[in-house]
Amino acid sequence: MKVLCTNGVKTVMLDLIPGFEAACGTKLIVTWGSANSLLKELESGASGDLVVVSAEAIDDLIGRGVVVQGSRVDLARSGIGVAVRKGATKPDIATPEALKQTLLAAKSVAHSKTGMSGIYFPTVLARLGIADAMRSKIVIPDPGTPIGEVLASGGAELGVQQISELLPVAGIEIVGPLPGALQKITTFSAGVLTAAKDPDGATALAKYVAAQSPPVLKAKGLEPA
């Protein structure tokens, strides 16, 4: 069975897939990527049985007939966080004003180009009124490169990404989530593709992950949907 899955819930899926495979006798072939990159793959004709991206994207795919109506299963919620290289001083990001001053004081800030957090972060800079001041400090790595790896290698002073994507990376430390007024919570959901060769298996996988994931979500930087 083929699955297209966002990196936002990769750590959870990696924990749960072996149990599903053992219970159902089904081997999963998973394509990992940012939600946007996976959506582009679908638009280009990529095949699969189940897709896991944002809830909004699933609803859009349902509306376009790409995902089966009524097959959406919400799996987890994720917030955006800020991280630094391990051992570095953790700056104050508790309030919008504190975050603003921290960003202005930083030599460089990394965020993704295609991930949900990367697409949203420029909005944060605009709301803080520092988009122009930050332009020369922004580091955007090649698609698929975890922001945590950029920090760990010294490629940027601060990094902004989904907390669930920052946590697994060695050599960095989470400063905390974006302050509430600037935070964007993403709900990750699964949907059965209308072109699925194994729709029953895809449905079973979505329900399995929804049922089995709550105990492990917090450790992965996520919350129940």
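**View 1. The largest pocket is lined by 29 residues.** N7, G144, P146, Q161 and E165 lie nearest the centre of this pocket. The model shown here and in every view below is predicted. Six elements are named as giving two or more residues to the lining: α1 (10-24), β2 (29-33), α2 (35-43), α5 (116-128), β8 (158-162) and α8 (163-166). The space inside the largest pocket comes to about 500 Å³. Sorted by class, its lining has 16 polar, 9 nonpolar and 4 charged residues.

**View 2. The largest cavity holds about 40 Å³ of space.** The whole structure was searched for cavities of 30 Å³ or more, and 1 was found. V9, V12, M13, L75, A76, V209, S213 and L217 line the largest cavity. By class the lining of the cavity is 7 nonpolar and 1 polar, with no charged residues. Rolling a probe the size of a water molecule over the atoms shows where empty space is left.

**View 3. Strand β4 pairs with β10 and with β11.** Strand β10 spans residues 186-192 and runs antiparallel to β4, joined to it by 5 bridges. Across this pairing, R77 stands opposite T187 in β10. The pairing of β4 with strand β11 (residues 222-224) is antiparallel too, over 3 bridges. Here A76 stands opposite P224 in β11. A76 is also one of the residues that line the largest cavity.

**View 4. An open sheet is formed by 5 strands.** Their order is β7-β6-β8-β5-β9, and the pairing is mixed. β7 (138-139) and β9 (172-177) stand at the edges. Each edge strand has a single partner, so one side of each is left without a neighbour in the sheet. Helix α5 packs on this sheet and touches β5, β6 (109-111), β7 and β8. The direction of α5 makes about 120 degrees with that of β8. Both α5 and β8 also give two or more residues to the lining of the largest pocket.

**View 5. Strands β5 and β9 pair in the antiparallel sense.** β5 covers residues 80-85 and is joined to β9 over 5 bridges. In this pairing R85 stands opposite I172 in β9.

**View 6. T102 sits in helix α4.** The helix covers residues 96-105. T102 has 12% relative accessibility, which is under the 20% cut-off, so T102 counts as buried. With its neighbours within four places in sequence set aside, T102 is in contact with P91, D92, I93 and L158.

**View 7. G155 lies in the loop between α7 (147-152) and β8.** Its relative accessibility is 37%, so G155 counts as partly exposed. Leaving aside neighbours within four places in sequence, G155 is in contact with S108, V139 and V150. S108 is 47 residues from G155 in sequence. In space, the two C-alpha atoms are 8.3 Å apart.

Note on methods. Residues are numbered from 1 along each chain as its sequence is written. This is a predicted model: local features need pLDDT of at least 70, side-chain atom pairs count only at pLDDT 80 or more; totals for chains, interfaces and linings use all residues. Side-chain values use heavy atoms; hydrogens and water are left out. Helices (H or I, at least four residues) and strands (E, at least two) are DSSP runs, numbered from the N terminus. Buried means under 20% relative accessible area, exposed over 50%, partly exposed in between (1.4 Å probe, protein chains only). Contact means heavy atoms within 4.5 Å. On a 1 Å grid over the protein atoms alone, a cavity is a set of points where a 1.4 Å probe fits but cannot get out, and a pocket is an open set with protein on both sides within 12 Å along at least five of seven lines; lining residues have an atom within 4 Å of a point. Grid points are joined across faces, edges and corners, and a volume is the space filled by probe spheres set on the points. Ala, Val, Leu, Ile, Met, Phe, Trp, Tyr, Cys and Pro count as nonpolar, Asp, Glu, Lys and Arg as charged, and the others, Gly among them, as polar. Two strands pair if DSSP finds at least two bridges between them. Axes are lines fitted to C-alpha atoms, for helices over the stretch in contact, and angles run from 0 to 180 degrees between N-to-C directions.
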